[in-house]
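Please look at the sequence and the model shown here. The report that follows goes through the chain part by part.

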Amino acid sequence: MNIERSQNEEAARLLRQRQEISSQDLFLARLTREEALQIVSASREQPPPSDSSDSGILQDAVVGSNLQSPSSPESTTSYTELRDDALTCTRCGLAESRKNVVFSAGVEDACVMVVGEAPGANEDDTGLPFVGAAGKFLDLLLATVDLSRERNTYICNVIKCRPPGNRDPMPDEIKSCSPFLTRQIQLIQPEALLAVGSFAARLLTGREKTALGRMRGEVHNYQGVPLIATYHPAALLRNPKWTCAFWEDLQLLRQVLNSG
Ligand code: SF4
């Protein structure tokens, strides 16, 4: 048994123990495995939902056709071209205060794409998403379902430059930057998306007014790609009782991948 596999099994064992001793904190899975697989199959055959009653600036920023122009990220043809474009981007005011553009981590032939909100201080310093304590916790949890940024996972944020003081991104910043994410998803072509945190979950599901807790436990559909919404790893560090719920969401993600 190699070291990585041993660590994965140990992490899974610890999480199972936590699940057993804190059952009152757990969200029960809302779908059986069969129900999840049916939804996944259907989502791959159907176009995205057109109901926009719960959508707003976030979803408009992602799918808005007015963003497509010869100079927009959505018109960029190759991954290298897109990345180079982002690394020198000055499309919004965040370019003035950033140290580094945080484009991505992980592999380009990933089966899973993890999407968070925006870089923090550690990410701004290093140019890599999900570093520091939250990033390490994310890596540990992903490992329990055999996912890692070294082998099969791609990690990025909706916003590529750090908002000063970690404030919430502004609508114009979302509108300027989200076409990069749109194009990343098109180019990476993941088998499934994992939106971590309410910001990414609301943007990618288009359910802007829905609480994250109500989006969990379902398989959503982003442009034909199955999407699971869950907590941000930084939130898990602040609220450890959510860790088991995150792990349950990873189990659903694994079911989706195994059904493909
Ligand atoms: S946040 Fe996005 S749109 Fe704004 S400067 Fe950075 S890469 Fe460009």
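## The chain as a whole

In this predicted model, buried residues make up 45% of the 260 residues in the protein chain. The chain contains 12 helices and six strands. Among the contacts with a separation of 6 or more, 77% are between residues 24 or more positions apart.

## The sheet

The six strands form an open sheet with mixed pairing, and their order is E1-E3-E2-E4-E6-E5. Strand E1 (105–106) and strand E5 (220–222) are the edge strands, each pairing on one side only.

Strand E4 (residues 192–196) pairs with strand E6 (residues 225–230) in the parallel sense, over four bridges. Here Val 196 stands opposite Thr 230 in E6. Helix H9 (residues 198–205) lies across E4, E5, E6 and strand E2 (112–116), and runs at about 135° to E4.

## Strand E2

Is E2 mostly covered or mostly uncovered? The strand is mostly covered, as five of its five residues are buried. In a regular strand, side chains alternate between the two faces of the sheet. In E2, Val 112, Val 114 and Gly 116 point one way, while Met 113 and Val 115 point the other way.

E2 has a parallel pairing with strand E3 (residues 153–157), made over five bridges. Four bridges also join E2 to E4, and these two strands run parallel. Val 112 takes part in both pairings: Thr 153 in E3 stands opposite Val 112, and in E4 the bridge partner of Val 112 is Ala 192.

## Helix H8

Helix H8 (residues 171–188) has 18 residues. The distance from its first C-alpha to its last is 25 Å, close to the 26 Å expected at 1.5 Å a residue. The helix bends by about 35° at Cys 177, and a proline, Pro 179, follows within four residues. After H8 comes Gln 189, which has a positive phi near 50°.

Why is H8 described as largely enclosed by the rest of the structure? The reason is that 14 of its 18 residues are buried.

## Around the ligand

There are 14 residues around the ligand, and those that come nearest are Cys 89, Cys 92, Ala 95, Cys 161 and Cys 177. Cys 177 is also the residue at which H8 bends.

Which helix gives the most to the shell around the ligand? H8 does, with three residues. Helix H5 (94–97) and H8 each supply at least two residues of this shell.

## Two loop residues with positive phi

Phe 130 is not a glycine, yet its phi is positive, at about 55°. Phe 130 sits in the loop between helix H6 (121–126) and helix H7 (132–143). Is Phe 130 buried or exposed? A residue is called buried if 20 or more other C-beta atoms lie within 10 Å of its own. Phe 130 has 28 C-beta neighbours inside 10 Å, so it counts as buried.

Gln 223 is not a glycine either, and has a positive phi of about 50°. This residue, Gln 223, is found in the loop between E5 and E6. The label "partly exposed" covers residues between the buried limit of 20 or more and the exposed limit of 12 or fewer. Gln 223 has 15 C-beta neighbours inside 10 Å and therefore counts as partly exposed.

Note on methods
Residues numbered from 1 in each chain as written. Predicted model: local features only at pLDDT ≥ 70, side-chain atom pairs only at ≥ 80, totals over all residues. Pairing = 2+ DSSP bridges. Contact = placed C-beta atoms within 7 Å. Axes fitted to C-alpha atoms, helices over the stretch in contact; angles between N-to-C directions. Expected span 1.5 Å × (residues − 1). Bend = angle between axes of the 7 residues up to and from the residue. Near = placed C-beta within 6 Å.
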